[in-house]
Amino acid sequence: MPIFPRISLKPEVCDHLKSIFLNKELLAAVGHQEAESRFQRLLMCLSHPPSYTCVRASTHLAPLEDIRQKLGEELKRQQQQMCSSSPEDVYAQILPHPHIPDVLLLPVDGPRPVQQLSSEVVVGAQCGNAVLRGAHVFAPGIIASPKYMKAGDLVSVFSDTEGKCTRGATSFQGLKVFVGNGVAEMDRSSIFCTDEPKKGIGVRMTEPLYQSPSFDGVLPSLAFLQNLPSVVVGHVLGPRPGERVLDMCAAPGGKTCHIAALMGDQGEVVALDRIRNKIDRIGQNAQMLHLHSIKVYCFNSTQAVSSDPSQDSEGPPFPPESFDRVLLDAPCSGLGQRPNMASTWSLKEICSYQPLQRKLIQAAVRLLRKGGVLVYSTCTVTLAENEEQVAWALRTFPCLTLQPQEPHIGAEGMLGAGLSPEQLRLLQRFSPELNWDQTESAVPLPHRANTDTIGFFIAKFLKH
Ligand SMILES: C[S@@+](CC[C@H](N)C(=O)[O-])C[C@H]1O[C@@H](n2cnc3c(N)ncnc32)[C@H](O)[C@@H]1O
């Protein structure tokens, strides 16, 4: 049974999404009842976390099986520290993905029956979502706590899904969602009564509603938390040692680092991002994963093509046709992210990404050499940012053709943008609503992991 209400959206956004999922082409193919049912399942599954955790293993540093064993030992130690009862055999629960050579999967146990306590800590929605995926509560995420909360107190943690709670409040009567129990690691005064925002764990989760291991500080160089479709992106791009690859929208660098790892750290991965304070994270991640082939620049990628093609500088802007492969993991409306219980975005905001994505695609095509590969991806579910962008790119750049993807474990592209069945088959859309069913815990993990994902989209082009 679903335990959270379906994702709360502004009515105009909900209507817009419904018009996408009940578009004419789709209705003609699957019928009204099935299309409506898929849309309702989408709204429901978006508010729930996926039923497994995906870890990308640093196979450029150690064999997968060694990492699996080390991870098993680390997580067992974590369990022993948390509870005195005999820990389960974590190693046996960590499964290699049958088709992706650098992925380990861990089942998430939930929802579990957890008794609510009288002391309540309220956290921001993002923090609440992270708790549902195995994180502890970090102090900056805490919005309200009991007046006399002391380190060591047992507390229930609630997510302020609509962002209505006032920072520093002692209680909150508005809409909140219970995410589990934990032990406060700080007094209330040290969370709220300081000039500087307090860092570190504020509440250590001991009885989360959804139990999955906390990866905070666990094998930082060997195990990288990443959603499965994001790992698929790196493999679909297929970078090879010695190549020059551009990651146009790279921060915080999860895919950049994967690309460098797949190249055996040989060649050059250029990572660009427009937001300066996100850029540091790319460098930190590269350092943590012992990757040296990554060059990071703060730059607006729509301007990344040099107007003087003879000028060959090391950093951006670059002359046309400078790269063997380009990844455009585009800024998007993010409507595929899970869990997400409420979005306060307006329809205008949701629809604002298509023009920016087109400018970025245009720059990507110019920067790619002939014979090179462009991968376009988003973590959203709209047609406008996915299949419609593919249709536009194919019309606008006759030099592009769609390519088969390897691995292809998601569904095909969605009807509604006028693409042919052959073209849709070449696209990869992770559509959790197609298989989402809370009773499916009997379905074996690797299969569940391929279907119970965030919403995501991947297109692969070749430039002729
Ligand atoms: C989906 S996120 C990228 C996630 C990243 N690829 C990863 O796997 O860790 C999109 C990124 O695009 C960046 N961005 C937005 N507009 C941009 C632009 N014009 N040029 C470069 N980066 C941009 C945002 O700052 C954001 O970090």
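Where is cysteine 379 found? Cysteine 379 sits in the loop between β15 (368-378) and α13 (387-396). Helices (H or I, at least four residues) and strands (E, at least two) are DSSP runs, numbered from the N terminus. The model is predicted: local features need pLDDT of at least 70, side-chain atom pairs count only at pLDDT 80 or more, and totals for chains, interfaces and linings use all residues. Residue numbers start from 1 along each chain as its sequence is written.

UniProt lists Cys379 for "active site", in an unreviewed entry. UniProt positions follow the numbering used here, feature names are shortened, and annotations may be inferred rather than shown by experiment. Cysteine 379 is buried, because 22 other C-beta atoms lie within 10 Å. A residue is buried with 20 or more other C-beta atoms within 10 Å of its own, exposed with 12 or fewer, and partly exposed in between; C-beta atoms are placed from the backbone. Leaving aside neighbours within four places in sequence, cysteine 379 is in contact with Cys332, Gly334, Gly336, Gln337, Ile454, Gly455 and Phe456. Contact means C-beta atoms, placed from the backbone, within 7 Å.

Turn now to a helix pair. Helix α8 (residues 228-237) packs with helix α9 (residues 254-262) at an angle of about 40°, and their axes are 9 Å apart. Axes are lines fitted to C-alpha atoms, for helices over the stretch in contact, and angles run from 0 to 180 degrees between N-to-C directions. α8 and α9 are therefore oblique to each other. Angles under 35 degrees count as roughly parallel, over 145 as roughly antiparallel, 65 to 115 as roughly perpendicular, and the rest as oblique. From α8, Ser230, Val231, Val233, Gly234 and Leu237 meet Gly254, Lys255, His258, Ile259 and Leu262 of α9. By class, this contact has five nonpolar, four polar and one charged residues. Ala, Val, Leu, Ile, Met, Phe, Trp, Tyr, Cys and Pro count as nonpolar, Asp, Glu, Lys and Arg as charged, and the others, Gly among them, as polar.

The backbone also deserves a look. Alanine 251 and proline 252 are joined by a cis peptide bond, with omega about 5°. Proline 252 lies in the loop between β11 (244-247) and α9. Another cis peptide bond joins proline 316 and proline 317, with omega about 0°. Proline 317 belongs to the loop between β13 (294-298) and β14 (323-329). Glutamate 321 is in the loop between β13 and β14. Glutamate 321 is not a glycine, yet has a positive phi of about 60°.

How values were computed:
Contact = placed C-beta atoms within 7 Å.
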